[in-house]
Amino acid sequence: GVYVVNLTVFSDLNCPDEMSLPFEIYGLLEPFFETPGPQCMDGNSFSFQGEGASTPDAQYDWTFQSAIPSASVAVSPSGVHFTQPGTFGVSLTIAENGCVETYTDSVWVVENPTIGFEIENPQGCPLLTVGFTDLSTAETTIGYNWNFGDGSTSNAQNPVHYYDTPGIYDVTLTINTSYGCIQTLTLTYSDTIRVNPLPIPGFLVEPGMVDILNPVVQVTGDAQNATGVTYFTSDGGFSDQWDFTHTWTQAGEQYIEQIVTNEFGCVASAIGYVYINGHLFWVPNSFTPNGDGINEVWQPVYTGVTNYHVKIFDRWGSIVFESDDPSIPWRGNVRGGDHFAEDGVYQYIISFDDLLSFPHEAEGHIVLTR
């Protein structure tokens, strides 16, 4: 402020005298400006408001690093454009009443985000696995929103998506930044995903049930949109003809698998079942377990047999041999193999199921002669 200082002088025998002079104390210089928030590189334009002077006569001197203009003497310069992204110093110097003070801060010019992505495996058969690789750039955190064109979306940076329906699909990526250079960018690749159609398998098997004595079926292909076919049968058979005849070597429930391909290399398959009914079962009526290597054991010959059980009785009705395994023969012994059975006539009873689970029973006599 302004102060008045009074001085009074006096001495003996003299009249006193006095004088007054004003003194002005200037305020402290405190240059300052509020730092503007970050801006995107493209089209950046900053404004500044200088503060900290005491009188309107103060002189302002601004300097801007890597900017146009690089300097200003305005109290509140505007339209300052920085020529490259980065963090740059800004200085304000105020000169007033012979005093000079400087204040320095910095502004952030943020590189503009860019958007881009690559697609891995954009074409193929269902279930098509497609990988997406983000190529977007930004100096701050990016938010992602993918639209895969089939009603599915993802917020992952590098998602993997599975297409299960044939068709052609657009893919759209939208990115956004929430601070720094705040922008939302969208990129669409049209008709970029192609999911090829599958062939439609199909075949006829006639008849669907055959007898083991004549186990022959006719297979007729009925696939659609297919260019190639392969058949596999459960008894080890194979064919690459659309229509063929197959003779089964096994009984029971059997299957035929058809695998078809189309011009895109897409594969589909179907399975059909055939039932081979009946069984073959022959029982010898005599054997000679005498060690000469000829006709040494008694064992049924069979095919199409399951759940087998045999009992052999002597003439008094005692069991001399019993087994659930048709591959184990009777060697003419009794009591678990400790003794030879006597020559004579023995009775057998055999129960078994065929491969369609129908039960059967056979019984008869065995002549044992050494």
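The legends below describe close-up views of a predicted model.

**View 1. The largest pocket and its lining.** The largest pocket has a volume of about 260 Å³. Its lining comprises 15 residues, with Asp314, Trp316, Val320, Glu342 and Tyr346 nearest the centre. Two or more lining residues come from each of strand E30 (319–323), strand E32 (339–340) and strand E33 (344–354). E33 gives the largest share, 3 residues. Sorted by class, the lining holds 8 nonpolar, 5 charged and 2 polar residues.

**View 2. The largest nonpolar core, around Trp330.** This core has 19 residues, and Trp298, Ile312, Trp330 and Ile350 make the most contacts inside it. At least two of its residues are supplied by each of strand E29 (305–313), E30, E33 and strand E34 (359–368). Beyond its neighbours within four places in sequence, Trp330 is in contact with residues including Phe287, Val297, Trp298, Ile312, Val320 and Tyr346. Another core, of 18 residues, lies apart from this one; Leu29, Phe64, Ala67 and Leu92 are among its members.

**View 3. The stacked pair Phe82 and Phe88.** The structure holds 24 aromatic pairs. In the pair of Phe82 and Phe88, the rings are 5.6 Å apart centre to centre, with 10 degrees between the planes. Phe82 is buried, because its relative accessible area is 0%, and Phe88 is buried at 6%. Both belong to an aromatic cluster that also includes Phe32, Phe33, Phe46 and Tyr103.

**View 4. The tilted pair Tyr231 and Phe244.** Here the ring centres are 4.8 Å apart and the planes 55 degrees apart. Tyr231 lies in strand E21 (residues 228–233) and Phe244 in strand E23 (residues 243–247), 13 residues apart. Tyr231 counts as buried at 0% relative accessibility, as does Phe244 at 12%.

Key. Residues are numbered from 1 along each chain as its sequence is written. This is a predicted model: local features need pLDDT of at least 70, side-chain atom pairs count only at pLDDT 80 or more; totals for chains, interfaces and linings use all residues. Side-chain values use heavy atoms; hydrogens and water are left out. On a 1 Å grid over the protein atoms alone, a cavity is a set of points where a 1.4 Å probe fits but cannot get out, and a pocket is an open set with protein on both sides within 12 Å along at least five of seven lines; lining residues have an atom within 4 Å of a point. Grid points are joined across faces, edges and corners, and a volume is the space filled by probe spheres set on the points. Helices (H or I, at least four residues) and strands (E, at least two) are DSSP runs, numbered from the N terminus. Ala, Val, Leu, Ile, Met, Phe, Trp, Tyr, Cys and Pro count as nonpolar, Asp, Glu, Lys and Arg as charged, and the others, Gly among them, as polar. A nonpolar core is a set of buried Ala, Val, Leu, Ile, Met, Phe, Trp, Tyr and Cys residues joined through side-chain atoms within 4.5 Å. Buried means under 20% relative accessible area, exposed over 50%, partly exposed in between (1.4 Å probe, protein chains only). Contact means heavy atoms within 4.5 Å. Rings of Phe, Tyr and Trp (its six-membered ring) pair if their centres lie within 6.5 Å; planes under 30 degrees apart count as stacked, over 60 as edge-to-face and the rest as tilted.
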